Amino acid sequence: MDNLIKVVPPELAKKKQRKRLNDNIKKNGQNRYLAKSLPKKPTCKHIKKGKYKCESLTSNTIFYFHQKFYSSHKKIDQDNFILKYTSTKPVQRKRSRTNIRTPKSYSNHFFILDRKSKKLVPDCLQAFCDVLNIKQGRIKGVTKRFAESGTSASERRGGDRKVFAFRSKLESTKGNAISCMFKEVKRNLISKQLMYTQFGDPLEVVKIRECEVPPLGQQDVLVRMLAAPVNPADINTIQGKYPVKIELPIVAGNEGVGIVEEVGQDVKGVRPGNKVIVTTSKQGTWRDIAIFNKNVLKVVPDNIGVVEAATLTVNPCTAYRMLSDFKPVREEGLVVIQNGANSACGQNVIQLCKAWGIKNINIVRNRPEITDLKTYLTNLGATYVLTEEELRSTNIFKDKLIEKPMLALNCVGGKSSLEMLRHLQHSGSMVTYGGMSREPVTIPTSAFIFKNVSSFGFWMTAWSDKANANEKDKMMTDLISLICDQKVKAPIHKMVKFDHYVEALGNALTSKGFTGWRQIYRPNLPTVPGDEGVGEVVEIGSKVCCVGIGNRVVLTRNLLGTWRYYGIYPEGALHRIPHKLPLAEASMLSIAPCTALRMMSDFRNVEPGQTIMQNAANSPVGQCVIMLCKALGIKTLNIVANHCEFNAVKESLMGLGGNLVCTLEEAEEMSSFSTALSRPVLAFNCLGGRYEDVMLRLLESNGTLVYYGCSYDLPMAKQSRRPDAKFYKFHYGKWSQTGTKIEKTKMLNKLVELIVIGKLQAPVYIPIQLKDYIHAFRNTVHCEAFATKSYIFDFTCP
C-alpha cells in the first residue's frame, strides 16, 4: 500500500550475535517481531545505530515496525512527521555462564513528532492500537511475522495472540497480506483550506480553516497541492460579482497543480506520484490537501514547471482560443492587436503569436518604468509595444511598417478599445474578454456599416462548458507541448507561502495586483476633519530641520485634520510660506489652486491666445482656472448653471478675468465663435450629463477633455462621439499620493508667487468662527454647479 512506511530491518552488527540468536529468531526464512509496550513519554537509553530504509510516508497514516534485536535509533524525515525508534536499557538474564540480552527483555518504544512543533502526536499511537484492535498500553503476546505465505498466523495458532503475515521482501509489501491487515487503519488527514461563508471583501471573509479530509471514494483522487494562483476571477467570485452559481460555504480557488497521493478503486489513468492539474472551476484549489473527482483532473508531464502547470487552465487557454476561434490568424498570417498586453493573458498572447509566427501590436498604459516594460514584452515576442498615447499618433501603418490588424483583443474597454477599433482592417473583429477600466465598450455605428467590423465576447468558463473532450484535449496537448519546448512560460509572478495568504489577497486588490481596484483613502476614526489650512509654528521636535518656530506653514497632505486651534503634524506634510501672504489665500492654497494648475499643465500645452472651456466655473476650482488663465494670457469659456443668482455669479466671474460666461442653455445654442474667442482646445468637465454633451460639441478638433470633481467617477461612455479627442481623468488626492516633494514644492512656490503679485486670490468666501460650524454645514451645497461661496474657519476672531 502506498500509505505505509516500508522499512527493511537492519542487519545484525555482529556475526556472533547472528549465529547465537539464529535458532531463536530466524526460522524457515521468517523474521519474528515483538511489539512490547507503547508508553506515553518514551525515554532513550543505550541507543545503537541501525540501517533503516524508509520508502514512503503519506499524510497521517501510521505504521509501526518494532525492532526485536539490539534496537537501533533512526530518524526518518518525511512530508509531515519525524519517526524515532528508541530502546531502553535491556534486562540481563543469566544463561549458561554468559549474560545474553534476549529479545523478550527489551522495553522498546516508538513515538512520532510533528515537524514544526516537535511535540508528540498521540493520535499516531492510537492508530497503531486500532490496527491491533487493542487498548493503548502494554501489549502482551503480539507477534508480527514476515512470512512467505499469505496464510494468517492467527488462524494457525489461535488464542489471544494475534499474528499477522508479511512478505519478507521489500518489493512484495504491496501484497494481499499487507492490504488485508491494514484495511482498517485510520487516515485522519487534516487539510488547511481557505474558505469563505459569505460574499464580500476577500481580506475580511476569507479565513483559513483546518478540516478533516473525508474518506476516499471509488472515483476520487487524493491530491497534495503544490501551487494555486490568485486570479481576478477568484477575487470577483469571493466578492459575489462573478456570474457563476456558488453554494456557500466553499473553498476558494479555481486552478492549481498537485501530486497524486492516493486513488480510488475505480480510478484508471491516474496513479500515485502523477502531477495533475485541475481543469474545472469551482473545485476549491486553495488548500494543501484535496480530494477531487478523477474527471476534473488531467495528468501533465513531470518536467513541466510548477507555476506553468498551476496557471495553465485559464490564461493560456483563453489566449489560445481567442487566437484560434475568431479569425484564421495562424493560417493566413494576420496581424493581431491587443490592449492590456502586460496582463497574464496578454503575455500568453504574445508568446503564442511568436511561436506561431504572428505579428502583434501591444498596447499598455504609460508609466515611469515604461522602457523596462517594453523591453520585457519585446523579449517575449512582441512585434510592437506602444502606449495608449503613442497609438493615437503612430505612423507604423502609414509608413507600411506593418499591416493593419485583423483581430483586436480587448480586456480594458472604454477609450482604449475605441482606439484599437479605429485601426482595424475592413471586416476585422474585436473580441472583448475583460473590462479593467470599468468603462463600457462603445463602437460607432459607422464602424459596423462602412467597415463591417464584428464584435464578440469571450468567456473561458462558458467555452469549457460547451466544448467536447476532443477539443479540450487538443488544446491542452498543444499548450503543454509549447511549455515543454520553452516557447511559453509563466507570466511575472510572486510565490507566497500558503500561511501568508493575506499578503497575496492584499496585492491582488491593489493597483499593483490583478484587479486594479482604485484605492480608497479613509481616515482612522475618530479623527479631526479638515484637509487644508494655515498656521504658525509654536514648537518643534528635536529632529526638525526645515521648519522653525514662528514660521507660517500650510498643509500639503490630506486627512491630517485642520479644524482645530492646535495640531501636531509631520514635517514632511508642511510647506513654508511668507508672512505677507493673506490668510484666506494661504488657507485655501493646497487644493483648488493646485487642482487648477495641474489640469492646465499635465494634459495639454495651451498657448497664450488659445481657449480653455469649463463647466461649474463658479466652483473654487473654476474660479482658480479663470484667474490662472488670465495670468497666462489664455482665454476662457465658462458654463454655469442657470439659477436665481446667475447675474451675480456672471459679474463675479467676469471680474476675475473670464472672457465669456454663459448658462447651459446658452452654450447649447452656440454654433460658431467670434474672432475674439476661438474654439477651446482644452476642456474641464466637472459635472457630466448635458454639460458634457455641449462640451464635446464645442471642443476643437483633436482637443482634450479632462474629467474631475463630480464627473471623476462617471464612465467615459461618450468617447465615440469624438474619436479624435483625447480623454483623461484627474483626482488631486491621487496625484498628491504619487507626486514628489520637488514637484509639490515647485507648484506651491509658483502659486505663492502669483498670489503675492496679486494675480491669484482666494475664491469667494465667508469667514466664520469655529463654534458656528453648524451654520457652515447647512449653507454649504454639495453640487459645485450651484456653489456661490465658501466658508473659512477664522481662528483669529476674538
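Me: Is Ala408 buried or exposed?
Reply: This is a predicted model, where local features need pLDDT of at least 70, side-chain atom pairs count only at pLDDT 80 or more, and totals for chains, interfaces and linings use all residues. Residues are numbered from 1 along each chain as its sequence is written, and side-chain values use heavy atoms, leaving out hydrogens and water. A residue is called buried under 20% relative accessible area, exposed over 50% and partly exposed in between (1.4 Å probe, protein chains only). Ala408 has a relative accessible area of 0%, so it counts as buried.

Me: Which strand is Ala408 in?
Reply: Strands (E, at least two residues) and helices (H or I, at least four) are DSSP runs, numbered from the N terminus. The run at residues 407-410 includes Ala408, and that strand is β23.

Me: How far apart in space are Ala408 and Thr432, C-alpha to C-alpha?
Reply: Start with what Ala408 touches, where contact means heavy atoms within 4.5 Å. Leaving aside neighbours within four places in sequence, the contacts of Ala408 include Ser429, Met430 and Val431. Thr432 is 24 residues from Ala408 in sequence, and the C-alpha to C-alpha distance is 8.4 Å.

Me: Which residue of β22 is the bridge partner of Val364?
Reply: β21 (residues 360-364) and β22 run parallel and are joined by 4 bridges. Across from Val364, the partner in β22 is Thr387.

Me: How does helix α11 stand to α12?
Reply: Helix α11 (residues 344-356) packs on α12 at about 40°, with the axes 8 Å apart. Angles under 35 degrees count as roughly parallel, over 145 as roughly antiparallel, 65 to 115 as roughly perpendicular and the rest as oblique. That's why α11 stands to α12 as oblique.

Me: How many charged residues are in the contact of α11 with α12?
Reply: Gln347, Ile350, Gln351 and Lys354 in α11 meet Tyr376, Leu377, Asn379 and Leu380 in α12. For the classes, Ala, Val, Leu, Ile, Met, Phe, Trp, Tyr, Cys and Pro count as nonpolar, Asp, Glu, Lys and Arg as charged, and the others, Gly among them, as polar. The contact has 4 nonpolar and 3 polar residues, and the charged count is 1.

Me: Which residue of β18 stands opposite Val223?
Reply: 4 of the 5 residues of β18 (residues 289-293) are buried, so the strand is largely enclosed by the rest of the structure. Strand β14 (residues 220-227) pairs with β18 in the antiparallel sense over 5 bridges. Opposite Val223 is Ala290.

Me: With which side chain does the side chain of Asn638 make a polar contact?
Reply: Asn638 is in strand β30 (residues 635-640) and is buried at 0% relative accessible area. A polar contact is a pair of N or O atoms within 3.5 Å; within protein, one must be able to donate a hydrogen and the other to accept it, and residues adjacent in sequence count only if both atoms are side-chain atoms. At 2.9 Å, the partner side chain is that of Gln614.

Me: What is the relative accessibility of Gln486?
Reply: Gln486 is in the loop between α17 (469-484) and α18. Its phi is near 65°, a positive value in a residue other than glycine. Gln486 counts as exposed, with a relative accessibility of 67%.

Methods
Pairing = 2+ DSSP bridges. Axes fitted to C-alpha atoms, helices over the stretch in contact; angles between N-to-C directions.
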